[in-house]
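Subject: Handover of a structure and findings

Dear colleague,

Please find below the structure that I am handing over to you. My notes on what was found in it follow directly after.

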Amino acid sequence: MNGKCPLYERLYSHDQHSPTSMHVPGHKNGSLLPAPYSAYFEKIMRLDQTELPGLDDLHAPSGVILEAERLAASQYDCARTLFLVGGSTVGNLAMILSFFQRGEKVLVQRDVHHSVIHGLELAGVEAVFIAPDMEAESGLPAGMSEETVAYGFECYPEANGLVLSSPSYYGYVGEVEEAIAVAKKNGADVLVDEAHGAHLHIDSGFPVSALKAGADAVVQSAHKTLPALTMGAFLHLRSGADETRCRYWLQRLQTSSPSYPILASLDVARAYNESLIGENIAGKLHGFHQKLDEACPGVRVKNNDPLKMILRAPDGWNGWEWEKHLHKEHVYAELSDRNHVLLVLPLDHPENWEQVLLSTLVSFYKGKTMKDTDMPAYPPYPKVVEHSFADWRGQQEASEAIPIQESEGSIIAEDIVPYPPGIPLWMAGEVVDRARLQFLQQWLSSGGSVQAASHIHDGFLLVRKEVIEDG
């Protein structure tokens, strides 16, 4: 891999001078750790510096960090790219706070990550959640169609913005290009959580990226699909006019001690992308999908992004059980649900993993039949629902824990988030409806995990306490 990496190269040069550290971090260039702890940490700690002369400042970049961000912006074909050290989570928060004002109406794809919900809550917008279209065969959300988004703007022509999540965790993009065109026709800003799409621009065989489709701001988790460290992410802006307010919010939301190893890994990941352009990466991944289809017909669920491979759980197994079965061969999947297991494939080096993975899957599926199930893999979200965050009081509301089976009709007091994928089943303030209550009970009884639910593993949900008026 060749290519200029200004931030990484400056850190490397600094280390080559055997510097004496009389500053933070306290590990002193990794020299304080004894064996065996130093085995992994020592080298990476030599890059773990602070805002020394020549190493620039993430919150006021003017040197190598700014140069690295500009190289990224050039590759992603946008006006500005801002480096993030808090993952797509901080990017989603800053992006939403930068574009929307309290009380503004915003259309939001319902199956968004909970960090998007948190951003809407902090911004105090009047959100209108629109359910995604569903893939008929698998029951998985398939992104937003042009028709669905057009219906949203027909019902709410005053909406100032559209927030999408594309591609989905499972690699669906829907009609993202047409959906964004509808929003732009209606004069709305379009923000996209593209956490799983930092690779889309490198090959035309991948689905269209949100930036190419016309989005105004896009957040990508570089660490999810590129060789970047966890928490490394990008915030891309179509217009340089949006930079100042995005940096304003990032100064308030990101740490004042950003990790240089994470920042340098973003620089290197961008250069890695360049090395893949023209290498037919998507075609090679599609080729692997075809090999599995030929060896194990009916096992794979078709999607849009070949980097994601969705496997059906065979008859007699649910997805969580099948995922644990794969662990026996030390194959660790990204996630599973009631009916599926999701693999995130590597972008490159197929000679290292293709044959091993293919032979493992062929062995595991040998003699198995695929099950027919009417149990939904995803929650039945309402088609359109308004949710005001403008006067949201959050945790200030009085609450109580009640048995899950008695909670129908109550107002939920905390987000209930099946994890992964981290999409709230209910947001705090929503009414507990029967359809999603049944989904939750089936999810828990099948072995699914839930985040941000303080009493759920004791069989209780936290709901708003009923207030009895005097007189």
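How many of the five residues of strand S1 (residues 80–84) are buried? Four are buried, so strand S1 is largely enclosed by the rest of the structure. Here, buried means under 20% relative accessible area, exposed means over 50%, and partly exposed lies in between (1.4 Å probe, protein chains only). Helices (H or I, at least four residues) and strands (E, at least two) are DSSP runs, numbered from the N terminus.

Before the remaining findings, two remarks on the basis of these notes. This is a predicted model, in which local features need pLDDT of at least 70, side-chain atom pairs count only at pLDDT 80 or more, and totals for chains, interfaces and linings use all residues. Residues are numbered from 1 along each chain as its sequence is written, and side-chain values use heavy atoms, with hydrogens and water left out.

Strands and sheets

Strand S1 runs antiparallel to strand S7 (residues 233–237), and five bridges join the two; strands pair if DSSP finds at least two bridges between them. Thr-81 has His-236 of S7 as its bridge partner. Elsewhere, four strands make up an open sheet with antiparallel pairing, in the order S8-S9-S11-S10. S8 and strand S10 (335–336) stand at the edges with a single partner strand each, so one side of each has no neighbour in the sheet. Two antiparallel bridges link S8 and S9, and Val-301 has Ile-310 in S9 as its bridge partner.

Helix H12

Helix H12 (residues 281–295) has 15 residues, which at 1.5 Å a residue should span 21 Å; the end C-alpha atoms are 22 Å apart, in agreement. The expected span is 1.5 Å times one less than the number of residues. Ile-281, Ala-282, Leu-285, Phe-288, His-289 and Leu-292 are buried in H12. Viewed down the axis of H12, the buried residues fall within an arc of 120 degrees, so they line one face of the helix; the arc is taken from the directions from the helix axis to the C-beta atoms. These buried residues pack against helix H11 (260–276), strand S8 (300–301), strand S9 (308–312) and H14, where contact means heavy atoms within 4.5 Å.

Aromatic rings

The whole structure holds 10 aromatic pairs. Rings of Phe, Tyr and Trp (its six-membered ring) pair if their centres lie within 6.5 Å; planes under 30 degrees apart count as stacked, over 60 as edge-to-face and the rest as tilted. One of the pairs is Tyr-248 with Trp-249, which is edge-to-face at 5.3 Å centre to centre, with 90 degrees between the planes. Tyr-248 is partly exposed at 39% relative accessible area, and Trp-249 is partly exposed at 26%.

Trp-322 and Phe-364 form another edge-to-face pair, at 6.1 Å centre to centre and 75 degrees between the planes. Trp-322 lies in helix H13 (residues 319–326) and Phe-364 in helix H14 (residues 350–365), so this pair ties together parts that are 42 residues apart in sequence.

Trp-249 is placed in helix H10 (residues 243–253). Apart from neighbours within four places in sequence, Trp-249 is in contact with Ala-94, Leu-97 and Ser-98.

Arg-110 lies over the face of Phe-129, 5.8 Å from the ring centre, and the charged end of Arg-338 lies over the ring of Phe-439, 5.0 Å from its centre.

Backbone details

Most residues other than glycine have a negative phi, and most peptide bonds are trans. The peptide bond from Ala-35 to Pro-36 is cis, with omega near 5 degrees, and the bond from Ser-166 to Pro-167 is cis, with omega near -5 degrees. Ser-18, which is not a glycine, has a positive phi of about 45 degrees and is exposed at 61% relative accessible area. Met-231 likewise has a positive phi, near 90 degrees, and is partly exposed at 42% relative accessibility.

Yours sincerely

Key:
A charge sits over a ring if NZ of Lys or CZ of Arg is within 6 Å of the ring centre and within 35 degrees of the ring normal.
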